[in-house]
Amino acid sequence: MKKYFQFDELGTNYRSEIIGGLTTFLAMAYILVVNPMILSLESVEGLPDFMHMDKGAVFTATALAAGLGSILMGVLAKYPIALAPGMGLNAFFAFTVVLDFGISWQIALTGVFVAGIIFILLSLTGIRETIINAIPTELKYAVGAGIGLFITFVGLQNSKIIVSDPSVIVGLGDLTDPNILLTIFGLVITVIMMVKGVKGGIFYGMLITAIVGMIFSLVPLPTGVVSSIPDVSPTFGAALDPIFNDPSSLLTTQFLVVVLTFLFVNFFDTAGTLISVANQAGLMKGNKLPRAGKALLADAIATTAGAVAGTSTTTSYVESTAGVAAGARSGFAAVVTGVLMLLALFFYPILSVVTSYVTAPALIIVGVLMVSSLGNIEWRKFEIAVPAFFVIIAMPLTYSIATGIAIGFLFYPITMIVAGRIKEIHPIMYGLWVIFLCYFIFL
């Protein structure tokens, strides 16, 4: 096992990998609760029953997709990157495709399934890997730093330290709120342990924060330990029904837009996450991502399988950086996370203690670690600084990794051509320029 996952070459061990995998799980366990809530349109009143996906079935599908995807990533690609249905894509699925477009959730799942099949074909042909390796080093560093800012903003927002403010868009929340104080406590404890060089400090920070939260009744005590697995049959296989029973329903412009959006956002969200996590873990070699094809294939298979089970697009999770920060370096950590996702099917009540106020300090600290890549960017060369800056700033401001990549990559060929460095531009970057331009115009 140690030889297969290259523990000696990576300077890691079982303890570090298990703690890293557990940390990643705790940082992203919220998806097991949030994804069913979003896809079931629980918050929208007055909808007919047929528009609501079964919440229990979605929970089971979410855990299955996350478990399968994470284990595949660990075993095939050997990266400490976990997968699960992606935030943002699930909101697009529920509120745009189903609510705004009026497309049934069954056809929406078909859109995810079709996008997944296309992902698999692109991964097997090596096209996705070629595109990722064609991205300039400076922009890869920018992607990592941008995701760092993005995940810090997510942590601050989830804990309500930063809240919506109509007069200035965002502002400070109520710092006297006990829940916010719990997050601040967790942040201070985690910072102290990180400064002291405590290995697994992020994980221990979350553990201490959860315990303190339970002591002061800010975090709910588990109502039990084991529960039965919700029935997945209401959503299982629904993605295939339109293909076999009503293929004409798929021949619409709206369905094409749905597939292209799932395809585009997942492609570049995954690419950005792979690059940033690999950079943080020191796994990049000569500006190339080893085994990138296998990592992308694992992601594609998980998306397709997740759609069949009954959930929105499965993607690589940026919260994996929390596990890397806690010591994860190999695919064994991803396997640990995947197994925990599957076990969560039986231990759902325990997940109630993993609130956003508990995980927020981990996300904030991970952001601090990730922006260190800013030092590797040639800021004195304006043709590099402009696209890199737009990648970094656009991610948190647009709340989208893919959009941040798109904006920066649109500027890169322009600045490089004007600077007389046209020979340094990989031909693929011109193709991406056209794709990103079309994305903003049509999608």
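User: How many helices and strands are there in the protein?
Analyst: This is a predicted model. Its secondary structure consists of helices and strands, and the counts are 19 helices and 4 strands.

User: What is the radius of gyration of the protein, and what would a compact globule have?
Analyst: The protein has 443 residues, and a compact globule with that number would have a radius of gyration near 22 Å. The value for the protein agrees with this. It is 21 Å.

User: What box do the C-alpha atoms of the protein fill?
Analyst: The box is taken along the principal axes. Its dimensions are roughly 65 × 60 × 55 Å.

User: What percentage of the residues count as buried?
Analyst: A residue is buried when its relative accessible area is under 20%. Of the 443 residues in the protein, the share that counts as buried is 56%.

User: Among contacts between residues at least 6 apart in sequence, what percentage join residues at least 24 apart?
Analyst: Contact here means heavy atoms within 4.5 Å. Among the contacts between residues at least 6 apart, the part that joins residues at least 24 apart is 80%.

User: What part of the accessible surface belongs to carbon and sulfur atoms?
Analyst: The accessible surface of the protein is about 18,100 Å². The part belonging to carbon and sulfur atoms is 69%.

User: How far apart are the mean positions of the positive and negative charges?
Analyst: The protein has 19 positive and 22 negative charges.

User: How many salt bridges does a search of the whole structure find?
Analyst: A salt bridge needs a side-chain nitrogen of Lys or Arg within 4 Å of a carboxyl oxygen of Asp or Glu. Lys 381 and Glu 378 meet this at 3.3 Å, N to O. The search of the whole structure gives a total of 3.

User: Which parts of the chain does the salt bridge between Arg 421 and Glu 383 link?
Analyst: The closest N and O atoms of Arg 421 and Glu 383 are 2.8 Å apart. This pair links distant parts of the chain, the two residues being 38 residues apart. Arg 421 is in the loop between helix 18 (401–418) and helix 19 (427–442), and Glu 383 is in helix 17 (residues 382–398).

User: Where does Tyr 399 lie, and what is it in contact with beyond its neighbours within four places in sequence?
Analyst: Tyr 399 lies in the loop between helix 17 and helix 18, and at 38% relative accessibility it counts as partly exposed. Its C-alpha atom is 8.9 Å from that of Phe 153, although the two residues are 246 residues apart along the chain. With neighbours within four places left aside, Tyr 399 is in contact with Phe 150, Phe 153, Val 154, Gln 157 and Ala 394.

User: Which residues does Thr 152 touch, not counting residues up to four places away in sequence?
Analyst: Thr 152 is placed in helix 8 (residues 137–158). With a relative accessible area of 16%, Thr 152 is buried. The residues touched are Leu 363, Ile 364, Gly 367 and Val 368.

User: What is the relative accessible area of Val 391?
Analyst: Val 391 lies in helix 17. Not counting residues up to four places away in sequence, Val 391 touches Ala 142, Val 143, Gly 404, Ile 405, Gly 408 and Phe 409. Val 391 is buried, and its relative accessible area is 0%.

User: Where is Lys 78, and what is its phi near?
Analyst: Lys 78 is in the loop between helix 4 (55–77) and strand 1 (83–85). Lys 78 is buried, with a relative accessible area of 18%. Its phi is positive in a residue other than glycine, near 60 degrees.

Terms used. Residues numbered from 1 in each chain as written. Predicted model: local features only at pLDDT ≥ 70, side-chain atom pairs only at ≥ 80, totals over all residues. Heavy atoms only, no water. Rg over C-alpha atoms; globule rule 2.2 N^0.38 Å. Buried < 20%, exposed > 50% of the residue type's maximum accessible area, 1.4 Å probe, protein only. Areas by Shrake-Rupley, 256 points an atom, 1.4 Å probe, with all protein chains shown as cover. Lys, Arg positive; Asp, Glu negative; His and termini not counted. Charge placed at Lys NZ, Arg CZ, Asp CG, Glu CD.
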